Amino acid sequence: KLSAKKAEEKIAENQKNYVLKINFRNKKSEKISANEIDMSYVPDGQVEDLLKKQKASTCFKNYLFNHKGNKKTLKTKASYDADKLKTVLYATNEMKDENQVAPTNARLKYSDSKFSVEKEKQGNEVNKEVVYNAVNDAISKQAASINLKSVKDAYKTPTKTTKDVKNEA
């Protein structure tokens, strides 16, 4: 029951409520909101086109009978400040340098006249540019969340694993 202009105003208002949740390896998460990165809705004529294609009889029937089968989904476009995104992302607790724990390599350890292998540790040190690109992509798709564990090369990894050290030994 809205005009194209009123529908776009509603979409723009909803855009202001957008939040991306970033899940990190250590079961911690951070959030970035639309407000922090100056995100706003960019009208592109989709709403107007959809209203033009809508049949008056179908619209009235759907309104009367609350018919859900005729709902349409629009992929809205938004603009945001990529520089602000980088600043906000790098300022989160999980991305700050002082909170990064570097991975450690597996190594041979000599104790009590025996050699043993000390396992590698993953740490939580991120490849900042990889994370930025993944978050930027998630925001451009307006995803609700992103799990960095599933992003290739998001975290720095040990160069020597337990298996490597055992083979060398």
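1. In this predicted model, the cover over the buried residues of helix α4 includes strand β1, strand β2 (29-33) and helix α5. The buried residues in question are Leu85, Val88 and Leu89. Because they span an arc of only 100 degrees around the axis, these residues lie on the same side of α4. Asp83 and Thr87, on the other side of α4, are exposed. A general point about helices applies here: an α-helix has 3.6 residues a turn, so residues three or four places apart point the same way.

2. The protein chain as a whole contains 6 helices and 7 strands. Along the sequence these elements follow the pattern α-β-β-β-α-α-β-α-β-β-α-β-α. The chain has 169 residues, of which 25% count as buried. Its accessible surface is about 11900 Å², and carbon and sulfur atoms account for 49% of that area. When contacts between residues at least 6 apart in sequence are considered, 71% of them join residues at least 24 apart.

3. Which residues touch the most other members of the largest nonpolar core? They are Ile22, Val135, Ile146 and Leu148, within a core of 24 residues. Two or more residues of this core come from each of β1 (19-23), α4 (82-91) and α5 (128-140). Helix α5 supplies the largest share, with 6 residues. Apart from this core lies another one of 5 residues, including Ala4, Ile11, Tyr41 and Val47. In soluble globular proteins, nonpolar side chains tend to be buried together.

4. Leu148 deserves a separate remark. Residues up to four places away in sequence being left out, Leu148 touches Ile22, Asn23, Phe24, Val131, Ala154 and Tyr155. One of these contacts, Ile22, is also named with Leu148 among the core residues that touch the most other members.

5. Glu125 is placed in the loop between β6 (114-118) and α5. Its C-alpha atom is separated by 9.8 Å from that of Arg25, although the two residues are 100 places apart along the chain. With neighbours within four places in sequence set aside, Glu125 is in contact with Gln100, Val101, Ala102, Pro103, Ala154, Tyr155 and Lys156. Ala154 and Tyr155 are also touched by Leu148.

6. The whole structure contains 12 salt bridges. Side chains of opposite charge can pair when their charged atoms come close. One of the salt bridges joins Glu129 and Lys86, with the closest N and O atoms 3.5 Å apart. Since Glu129 belongs to helix α5 and Lys86 to helix α4, this pair ties together parts that are 43 residues apart in sequence. Glu129 is partly exposed, its relative accessible area being 42%. Lys86 also counts as partly exposed, at 28% relative accessibility.

7. Lys16 forms a salt bridge with Glu13, and their closest N and O atoms are 3.7 Å apart. Lys16 counts as exposed because its relative accessibility is 52%, and the cut-off for exposed is over 50%. Glu13, with a relative accessible area of 44%, is partly exposed. In the other pair, Glu168 forms a salt bridge with Lys160, the closest N and O atoms being 3.1 Å apart. Glu168 is exposed at 54% relative accessible area, whereas Lys160 is partly exposed at 33%.

8. Is Tyr110 buried or exposed? Tyr110 counts as exposed because its relative accessibility is 54%. Tyr110 is part of strand β5 (residues 107-111).

Key:
Residues numbered from 1 in each chain as written. Predicted model: local features only at pLDDT ≥ 70, side-chain atom pairs only at ≥ 80, totals over all residues. Heavy atoms only, no water. Helix = DSSP H or I, 4+ residues; strand = E, 2+ residues; numbered from the N terminus. Buried < 20%, exposed > 50% of the residue type's maximum accessible area, 1.4 Å probe, protein only. Core = buried A, V, L, I, M, F, W, Y, C linked by side-chain atoms within 4.5 Å. Contact = heavy atoms within 4.5 Å. Areas by Shrake-Rupley, 256 points an atom, 1.4 Å probe, with all protein chains shown as cover. Arc of directions from axis to C-beta. Salt bridge = Lys/Arg side-chain N within 4 Å of Asp/Glu carboxyl O.
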